Amino acid sequence: MSESLLKVRDLKMHFPVKEGIFLRASKFNKAVDGVSLDIAPGETLGLVGESGCGKSTLGRCITRLYQPTAGSIEFRDQDITHLGSNALKPQRQHIQMIFQDPMESLNSRHTVGDIIQEPLIVQNIGDRASRAKRVLELLNIVGLPARSVTRYPFEFSGGQRQRIGIARALALNPKLVICDEPVSALDVSIQSQILNLLIELQQEFNLSYLFIAHDLAVVKHISDRIAIMYLGKIVESGRSEEIYRNAQHPYTQSLIAAIPVPDPHRKVQRQIISGDVPSPIAPPSGCTFHPRCPSAMSRCSQDIPHLDSPMTDKSHLVSCHLMD
Amino acid sequence: MSEALLEVSHLVTEFDTDEGVVRAIDDVSFAALAGETLGIVGESGCGKSVTALSIMRLLPQPMGKITDGEVLFKGRDLTQLPLTEMQKIRGADISMVFQEPMTALNPVHTIGRQITEVLLLHRNYTAQEAIQEAVKILDRVGIPSPDIRMGEYPHQLSGGMRQRVVIAIALACNPSLLIADEPTTALDVTIQAQILELIKELQSDLGMSVILITHDLGVIAETCDHVVVMYAGKVVEKGSVYDLFDNPAHPYTRGLLASIPRLDTIPKAKLSVIDGMVPGLLDLPQGCRFENRCPHSQPSCTHASPLIEQVSTSHEVSCFRWQDL
Ligand SMILES: Nc1ncnc2c1ncn2[C@@H]1O[C@H](COP(=O)(O)OP(=O)(O)OP(=O)(O)O)[C@@H](O)[C@H]1O
Ligand SMILES: Nc1ncnc2c1ncn2[C@@H]1O[C@H](COP(=O)(O)OP(=O)(O)OP(=O)(O)O)[C@@H](O)[C@H]1O
Ligand code: SF4
Ligand code: SF4
Ligand SMILES: [Mg+2]
Ligand SMILES: [Mg+2]
């Protein structure tokens, strides 16, 4: 990759866990624990991993909804990790977020028109008339009728509400959109409409996406590269095709094996990893995947593996002792 | 072929609402065969959960009622049973796993208490025997250290473990029919795979029938023998899982199958979509309910509702034009 739009280095987000009668933080929830990633202009990076592994937290750090504990975020060649809200403002309009549950993220007492122009008002862009024009433009882009302007979110279906969220995210012509499970709550038939829309918008406006999801078929469809996260860390990443064809990390392999295939002739006996995701408050020693890993060796419970490029495709990174 | 354990025929369920009576399911018929898994698929709001609740006689009261049809289970019409009889069947002969595990568990009671309650209600166990049996069942659904978990509360368990506890409760009395309403939708792929594998395993061990409600076609393909496709309160197609995936006859089923991204679709290629929206239950069209979205509709489709026709011995469809497609 020649140029990066977003460069994240060794990012950490440790939430204090308050315990006991003095409510002193004696432990930390290491939700994101040393993540590095790059996203190029016009590129989609898919981010997958089990519930609770830190995907949303990572997204929220990048949009600076959370102040990360350590590490750096560089956006358009500027380190934005510690910018105050005024200094951040010009960059923030270029990073937007689409949320999993449109009903939660859209204020139900505001009209669709108000919701979509809110970012314009916050950023002090345009006057009343030009904002109204922009709202109509955005509704048209996401395929909603102009008369939606005066209506309320609850009058729309799930898929249409998600389009409202997308219209709002696009209002400021962002460069990067963090899509946090934008289709997980939707029906298959609506899901494909939204995916088509996101791909079209990307091609038209050269958008970059960080696309968070747990449906791997969806992620593969939309992503150029994929990163797999486990307990706050990236355990494998690489080009989308390479990951699906040549996954190396046992966790990635088990994720791919667990995808239900919509073809009854391929009822396969799957290899299923057992056990639940361990707590990020007391993560296992060594490789944090070792209690569930079918290939775990004795050193796995002691030595922490690091992301490395053991393959001929040097952009393919794996963090596992099996690679040594 | 095995015989029908449950036969739903011409079932109609209606709700009283402020805006009038809505018919949530209309003339629904299908059979669940002994020892098999029947899948029910369809868009959100098409009546899958209402169908399940009607079979269980658990419709919200007083708004919901079955107004026509029958539900034959082991030769008895469940719609006509006195409630006390129905209560005996529920949990013992037919069990249900609900869409959201947290609603099925009582947050203030321990896991152990919730399982033993079911056992004591339906079996002649002493308290001691019920506890032993409960530990066994938790172990069977793959809960580690079941004796410790017995004393814990739902909030102390992860989502996947909670769903396994709900399944454990549903299976406590070895039912002959399990109705699972989206048992894995809230879970991620690895936990989903565990739960589906568990249901399959228990099914072959205990010989029970399963009705699996989901909108995930991958899950259907992997676990079901037969499939019912619903649209706007009606059954539009049913058949063996091979009929449905290899030779879908209804335009809606075809649209669904075409719209899912698969691992082998070309990245970023345009996915096909079903345009338009499901009609509301209060303004259903006279003719075919899929007409406003159907790429093959013709004027005659708006006049009358298509009847169910036989495609093959195992395969039925409700569309005027299935033979032309
Ligand atoms: N504001 C917060 N304060 C404290 N802990 C938090 C906060 N937000 C998230 N966490 C914790 O951080 C961890 C990661 O959560 P996160 O929401 O990032 O997971 P996720 O990968 O997005 O999961 P899901 O797929 O379920 O959305 C969890 O243990 C969660 O409880
Ligand atoms: N208590 C109720 N009062 C009025 N209408 C209801 C009631 N419960 C359900 N309905 C209506 O019945 C129809 C079928 O609902 P149902 O819950 O069976 O859908 P579903 O297929 O299970 O959808 P999902 O996939 O979203 O769970 C819907 O249109 C719904 O609005
Ligand atoms: S480092 Fe060891 S435990 Fe971790 S994934 Fe590799 S083999 Fe498994
Ligand atoms: S009956 Fe007509 S409108 Fe309905 S699905 Fe068949 S072709 Fe389409
Ligand atoms: Mg999340
Ligand atoms: Mg439902």
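Here are some worked exercises on a predicted model with chains A and B.

Residues are numbered from 1 along each chain as its sequence is written, while chains are lettered from A and ligands numbered from 1 in the order in which they are written. Local features need a pLDDT of at least 70, side-chain atom pairs count only at pLDDT 80 or more, and totals for chains, interfaces and linings use all residues; side-chain values use heavy atoms, with hydrogens and water left out.

**Exercise 1. Find out how confident the predictor is in each chain.**

Step 1: pLDDT is the predictor's confidence in each residue, from 0 to 100.

Step 2: take the chains in turn. Chain A averages 90, with 95% of its residues at 70 or above. Chain B has a mean of 91, and 99% of its residues reach 70 or more.

Step 3: look inside chain A. Helix H3 (residues 102-105) of chain A has the lowest confidence, a mean of 72, and strand S11 (residues 317-318) of chain A has the highest, 98. Helices here are DSSP runs of H or I with at least four residues, strands are E runs of at least two, and both are numbered from the N terminus. Where pLDDT is low, the predicted coordinates should not be read in detail.

Step 4: check the complex. The predictor gives it an ipTM of 0.79 and a pTM of 0.87.

**Exercise 2. Work out whether chain B is as compact as a globular protein of its length.**

Step 1: list the pieces. Chain B has 11 helices and 12 strands.

Step 2: apply the rule. The radius of gyration is taken over C-alpha atoms, and the globule rule is 2.2 Å times the number of residues to the power 0.38. For 325 residues that rule gives 20 Å, and chain B comes out close to it at 21 Å, so chain B is as compact as a globular protein of that length.

Step 3: Along the principal axes, the C-alpha atoms of chain B fill roughly 70 × 50 × 45 Å.

Step 4: A compact globule of 324 residues would have a radius near 20 Å, and the 21 Å of chain A agrees with that. The C-alpha trace of chain A spans about 65 × 55 × 45 Å along its principal axes.

**Exercise 3. Describe the cover, contacts and charges of chain B.**

Step 1: cover. Of the 325 residues in chain B, 55% are buried. Buried means under 20% relative accessible area, exposed means over 50%, and partly exposed is in between (1.4 Å probe, protein chains only).

Step 2: contacts. A contact means heavy atoms within 4.5 Å. Among contacts in chain B between residues at least 6 apart in sequence, 62% join residues at least 24 apart.

Step 3: charges. Chain B carries 25 positive and 41 negative side chains, and the centres of the two sets are 3 Å apart. Lys and Arg count as positive, Asp and Glu as negative, with His and the chain ends not counted. Each charge is placed at NZ of Lys, CZ of Arg, CG of Asp or CD of Glu.

**Exercise 4. Explore helix H11 (residues 251-259) of chain B.**

Step 1: count. H11(B) is mostly covered, with 7 of its 9 residues buried.

Step 2: name some. Among them are Pro251(B), Tyr252(B) and Leu256(B).

Step 3: find the neighbours. The buried residues of H11(B) pack against several elements, including helix H7 (188-205) of chain A and strand S9 (226-231) of chain B.

**Exercise 5. Is Val71(B) buried or exposed?**

Step 1: locate Val71(B). You'll find it in strand S4 (residues 64-73) of chain B.

Step 2: check the cover. Val71(B) is buried because its relative accessible area is 0%.

Step 3: look around. Beyond four places in sequence, Val71(B) touches residues including Leu6(B), Ile55(B) and Leu78(B).
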